[in-house]
Structure formats: C-alpha cells, structure tokens
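Here is a short report for a first look. It covers a pocket, a surface patch and some side-chain pairs.

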Amino acid sequence: TPLTRAWKVAESVTLVLVLLAFVAIVVLVVTNHPHRAVLVLVATLYAAAVARAVWLPYYRPWFASRHRWSDVAFYVVIASLVWYLSPYTATMGVH
C-alpha cells in the first residue's frame with residue numbers, strides 16, 4: 001500500500017540522517033571540535049525522540065525498542081544528560 005511504502009521511505013531517511021550525523025561527529029572530532037560533535041549528537045538524539053513520538057505505533061522503526069513513549073523518554077533523557085555534561089568536552093586535552 002502507499003502508506004506502507006511511505007513509512008519504508010521515512011525509515012530509510014532516518015537511517016541516512018543518522019549515518020550522516022555519525023560521519024559529521026567523526027569529522028568534527030578528528031578536526032578537534034569535540035563540543036560541536038557533542039551538539040550534533042544531542043540534536044540527533046532529540047530528532048530521534050521526535051521521530052519516535054510521531055511514528056505510527058503499528059510501524060516499528062529500526063531505532064525503536066518495545067514501547068513508543070519509553071523510547072521517547074530514553075532519547076530525551078540521554079540527549080539532555082549529554083547536553084548538560086557537554087561543557088566538559090570543551091576542556092578535553094587541556095593540561
């Protein structure tokens with residue numbers, strides 16, 4: 001059906017976006033921008049939370065576990081913790 005096809009496309013798009021974010025994080029770390037890399041990670045986790053919240057419950061995407069709202073809460077909590085602790089990445093490598 002067209003709806004099933006649309007959800008398969010949406011699933012592929014989320015996978016590509018996460019892979020692009022991973023590449024961006026690696027490039028930022030290698031070029032000595034760890035804080036920016038952390039912010040890309042945080043944005044990706046918040047985007048995953050939003051995507052999981054709006055995803056129809058009977059289509060389970062690749063980044064889902066069992067329960068939609070526990071997934072959303074998990075992504076939001078992890079992203080918030082990483083963002084809260086991110087200022088410490090700005091001092092990495094300083095002696």
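Helices here are DSSP runs of H or I with at least four residues, numbered from the N terminus. The model is a predicted one.

**The pocket.** Two helices, α1 (2–30) and α2 (34–54), each give at least two residues to the lining of the largest pocket. The space inside is about 320 Å³. In total, 15 residues line this pocket. Nearest its centre lie Thr 14, Val 18, Thr 44, Ala 47 and Ala 48. What is the lining made of: nonpolar, polar or charged residues? It has 13 nonpolar residues and two polar ones, with no charged residue.

**The surface patch.** Val 9 sits in helix α1. Together with Val 13, Val 16, Leu 17 and Leu 20, Val 9 makes a nonpolar surface patch of about 450 Å².

**Side-chain pairs.** The whole structure holds two aromatic pairs. One of them joins Tyr 46 and Trp 83, whose planes stand at 75°, so this pair counts as edge-to-face. Tyr 46 belongs to helix α2 and Trp 83 to helix α3 (residues 68–85), so the pair links distant parts of the chain, 37 residues apart.

Side chains of opposite charge can pair when their charged atoms come close. One salt bridge turns up in the whole structure. Asp 71 and Arg 52 form a salt bridge through their side chains. Asp 71 is in helix α3 and Arg 52 is in helix α2, so the bridge ties together parts 19 residues apart in sequence.

| Pair | Distance |
|---|---|
| Tyr 46 and Trp 83 | 6.2 Å between ring centres |
| Asp 71 and Arg 52 | 2.7 Å, N to O |

Notes
Residues numbered from 1 in each chain as written. Predicted model: local features only at pLDDT ≥ 70, side-chain atom pairs only at ≥ 80, totals over all residues. Heavy atoms only, no water. 1 Å grid on protein atoms, 1.4 Å probe; cavity = no way out; pocket = protein on both sides within 12 Å on 5 of 7 lines; lining within 4 Å. Points joined across faces, edges and corners; volume = space filled by probe spheres on them. Nonpolar A, V, L, I, M, F, W, Y, C, P; charged D, E, K, R; others polar. Patch = residues over 30% accessible without salt bridge, like charges linked within 9 Å, V, L, I, M, F, W, Y side chains within 5 Å. Areas by Shrake-Rupley, 256 points an atom, 1.4 Å probe, with all protein chains shown as cover. Salt bridge = Lys/Arg side-chain N within 4 Å of Asp/Glu carboxyl O. Phe/Tyr/Trp six-rings, centres within 6.5 Å; stacked < 30°, edge-to-face > 60°.
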